[in-house]
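Take a look at the model below.

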Amino acid sequence: MDALVNKRIKRVMKGDQDAFAEIVELYQHQLFQICYRMLGNRHEAEDIAQEAFTRAYVNIHTFDQNRKFSTWLYRIATNLCIDRIRKKKPDYHLDAEVKGTEGLNMYSKIANEEELPEEELMRMEVQERVQYEISRLPDKYRAAIVLKYIEELPLAEISEILDLPLGTVKTRIHRGREALRKQLSNL
């Protein structure tokens, strides 16, 4: 296909506009799809695809025929899409006043990172319940669970601390987790 396209490009360079129409026919659907996926708007995608073909026609003399024409054309379209996206991007400033309000700026729109009191209370209650259920585990499982999930130690270090083989540590962590899951199932 590249050889066929290159023949048509040579004809275009000699002034044959019909040859470029054949190139457009070959690539128009795929080029539109690329533009549409980038822009998400059918009309803008059609405009950009048309602009890409226009630029390709005007700059056909700069095309290196040792490369793929489709890559060159898609790059033109992609760059045009990126330019369109940048132009559409709204320009917000945090110091700007919010329309329809008196004295409020964009800082007031930023979400508060702190938990609501009810959420914090719920989280604390759950933590207390989990801690209580961990304390009810048999000692051998409790030690493995605390070292793994509360202290966040690697398995090799837990193995050294408990003076147990790595496989035994993994088993105890697994069994401790299963026991905790059963105990917390009604939470």
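## Charged pairs

Glu44 and Arg84 form a salt bridge, with their closest N and O atoms 4.0 Å apart. Glu44 lies in helix 3 (residues 42-58) and Arg84 in helix 4 (residues 69-88), so this pair ties together parts that are 40 residues apart in sequence. The model is a predicted one. Glu44 counts as buried because its relative accessibility is 16%, under the 20% cut-off. Arg84 has a relative accessible area of 26% and is partly exposed.

The count for the structure comes to 11 salt bridges. Side chains of opposite charge can pair when their charged atoms come close.

Another salt bridge joins the side chains of Arg8 and Glu22. This pair also links distant parts of the chain: Arg8 sits in helix 1 (residues 2-13), Glu22 in helix 2 (residues 17-39), and 14 residues separate them. Arg8 is buried, at 15% relative accessible area. Glu22 is partly exposed, at 30% relative accessibility.

What about a pair that lies within helix 3? Glu51 and Arg55 are both in helix 3, 4 residues apart, which is about one turn of the helix. Their side chains meet in a salt bridge. Glu51 is partly exposed at 30% relative accessibility. Arg55 is partly exposed too, at 38%. Elsewhere, salt bridges that share partners join Arg8, Arg11, Asp16 and Glu22 into one network.

| Salt bridge | N to O distance |
|---|---|
| Arg8 and Glu22 | 2.7 Å |
| Glu51 and Arg55 | 2.9 Å |
| Glu44 and Arg84 | 4.0 Å |

## Aromatic rings

How many aromatic pairs does the structure hold? There are 8. One of them is Phe63 with Phe69, an edge-to-face pair.

Which residues make up the aromatic cluster? Tyr27, Phe63, Phe69, Trp72 and Tyr74 form one cluster.

Technical notes: Residues are numbered from 1 along each chain as its sequence is written. This is a predicted model: local features need pLDDT of at least 70, side-chain atom pairs count only at pLDDT 80 or more; totals for chains, interfaces and linings use all residues. Side-chain values use heavy atoms; hydrogens and water are left out. Rings of Phe, Tyr and Trp (its six-membered ring) pair if their centres lie within 6.5 Å; planes under 30 degrees apart count as stacked, over 60 as edge-to-face and the rest as tilted. Helices (H or I, at least four residues) and strands (E, at least two) are DSSP runs, numbered from the N terminus. Buried means under 20% relative accessible area, exposed over 50%, partly exposed in between (1.4 Å probe, protein chains only).
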